[in-house]
Amino acid sequence: MSCEQEGENVDTGICNKSRKQVRAIGHPGSVQSAFINENSKQREREGKAPAGSARGGGDPSPSYQRKENTMSQYSFLVVEDSPTMRQLVTFSLKRIHDAKIVEATDGVDALKKMAEDKFDLIIADINMPLMDGLKLLSIIRKDPNYASIPVIIVTTEGAEVDKEKGLKLGANAYLTKPIQTNTLLTKVKELLKMEVA
């Protein structure tokens, strides 16, 4: 229906303006585009975020913000059923800067921890309940996901048979109890090719 057919009271200027708006829709610089741009500017002046952007001044989402790497440089798994020995080994490893240390009470617990996290080195006692250190070592060396992780086995003094079995299964080094902090740290730094302080 034309403006003339709508009645004599129709404002000709309004009608002409409507025709121009209709013709301009969908073209760059159109009335619709100008209206949207002007509306966006007005929203910015009022402190409102443009449509489709985050509120609060358009700050980037936290998921896109670069964060400092807070991961530890070295991650260790200590497998020992004795709380006292675990504490001793953990205390010694804490002398390594930025060391992350996870403890496990036996071989079964160690496998659970390994499924949840990645480790640079494992220190495992041989004599443990449920799954001893030799069985754990055997599983580690047969699994391509863990085979390359250096393993230090811990034996009691005079347990030459256990030491030999461990080395044959693929242990990288061994320590005898009682563990000396300096000896432990030297072995760890050699295996990880760390600078010896």
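Axes here are lines fitted to C-alpha atoms, for helices over the stretch in contact, and angles run from 0 to 180 degrees between N-to-C directions. The model is predicted.

**Exercise 1.** Determine how helix 4 and helix 5 pack, and which residues meet.

*Solution.* 
1. On the side of helix 4, the residues are G107, A110, L111 and M114; helix 5 meets them with L136, I139 and I140.
2. Sorted by class, this contact has 6 nonpolar residues, 1 polar and no charged ones.

**Exercise 2.** Work out the strand order of the sheet and find which strands stand at the edges.

*Solution.* 
1. The sheet is open and has 5 strands in the order 2-1-3-4-5, with parallel pairing.
2. Strand 2 (99-104) and strand 5 (173-176) each have a single partner strand, so they stand at the edges, and one side of each is left without a neighbour in the sheet.
3. From one strand to the next, the twist averages 20°.

**Exercise 3.** Describe the pairing of strand 4 with strand 5 and the helices that pack there.

*Solution.* 
1. Strand 4 (residues 151-155) runs parallel to strand 5 and is joined to it by 4 bridges.
2. One of the bridge partners is Y174 in strand 5, paired with I153.
3. Helix 6 (residues 160-169) lies across strand 4 and strand 5, at about 170° to strand 4.
4. Helix 7 (residues 181-191) touches strand 1 (74-79), strand 3 (121-125), strand 4 and strand 5, and its direction makes about 175° with that of strand 5.

Terms used: Residues are numbered from 1 along each chain as its sequence is written. This is a predicted model: local features need pLDDT of at least 70, side-chain atom pairs count only at pLDDT 80 or more; totals for chains, interfaces and linings use all residues. Side-chain values use heavy atoms; hydrogens and water are left out. Two strands pair if DSSP finds at least two bridges between them. Helices (H or I, at least four residues) and strands (E, at least two) are DSSP runs, numbered from the N terminus. Contact means heavy atoms within 4.5 Å. Ala, Val, Leu, Ile, Met, Phe, Trp, Tyr, Cys and Pro count as nonpolar, Asp, Glu, Lys and Arg as charged, and the others, Gly among them, as polar.
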